[in-house]
Amino acid sequence: MSRRRTFHTFSLALLLAVFAAAAQAQSIVGVLGIEREVAPIEARLQGSREVPVRGYVFRVGTLNDRLVVVGRSAAGKVNAAIVATVLIGHFSPSALFFSGTAGAIEQSLRPGDVVIGTGVVQHDVGLLAPGGIQRRGVRNAVTGEMDPLIVPAPETLLVAARRAV
């Protein structure tokens, strides 16, 4: 079996295991990624149908007896954010999973490696100072306070992901 096929099989198995663990008490699970990342998940959906929302097409079906909504985004955080916003606003999922590289910069990582992110970092926001970029969070538009630079992942999802690996 090729490394690519092994990766897709392993990735799909991992995602299915995480779905099962994370979605036990949830009615809808959202999955987001570029076409080649989500195609194996779409192929496993039972009774799937396309649902257009605001110019984006989502695939809705069941997987392991759970309602799953798959959104395809183009590469990049802005595209992912737009499709995630539309998916959340229209379908109100209890959990949302992203598939992809997320701009990995660790030199030792290779395609097919599984990484469980413990948080999300807004790495390209900061103040350009004479000594370089000073990283900081963004100002919360509602509270006016600075948001954290690192937003931690929910522990329940981390536990489920670690069990699945």
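Predicted model: local features only at pLDDT ≥ 70, side-chain atom pairs only at ≥ 80, totals over all residues.
The chain has 165 residues and is built from 4 helices and 9 strands. Read from the N terminus, these elements follow the order α-β-α-β-β-β-α-β-β-β-β-β-α. Among contacts with a separation of 6 or more, 59% join residues 24 or more positions apart. Of the residues in the chain, 27% count as buried. The exposed surface comes to about 10,800 Å², with carbon and sulfur atoms supplying 56% of it.

The mean pLDDT is 75, and 76% of the residues reach 70 or more. Strand E2 (residues 46-53) has the highest mean, at 91, whereas helix H1 (residues 3-22) has the lowest, at 44. Values stay under 50 over residues 1-17, a stretch with 25 contacts beyond four places in sequence. They also stay under 50 over residues 19-25, where the model has 15 such contacts.

The interior comes next. In soluble globular proteins, nonpolar side chains tend to be buried together. Here the largest nonpolar core holds 14 residues, and those touching the most other members are Val 53, Phe 58, Val 69, Leu 87 and Phe 91. Two or more residues each come from strands E1 (28-33), E2 and E3 (56-63) and from helix H3 (77-91). H3 gives the largest share, 6 residues. Leaving aside neighbours within four places in sequence, Leu 87 is in contact with residues including Val 31, Phe 58, Val 69 and Leu 96. Another core, of 7 residues, lies apart from the largest one, and Val 31, Val 38, Ile 41 and Val 70 are among its members.

Conventions. Residues numbered from 1 in each chain as written. Heavy atoms only, no water. pLDDT = per-residue confidence, 0-100. Contact = heavy atoms within 4.5 Å. Buried < 20%, exposed > 50% of the residue type's maximum accessible area, 1.4 Å probe, protein only. Areas by Shrake-Rupley, 256 points an atom, 1.4 Å probe, with all protein chains shown as cover. Core = buried A, V, L, I, M, F, W, Y, C linked by side-chain atoms within 4.5 Å.
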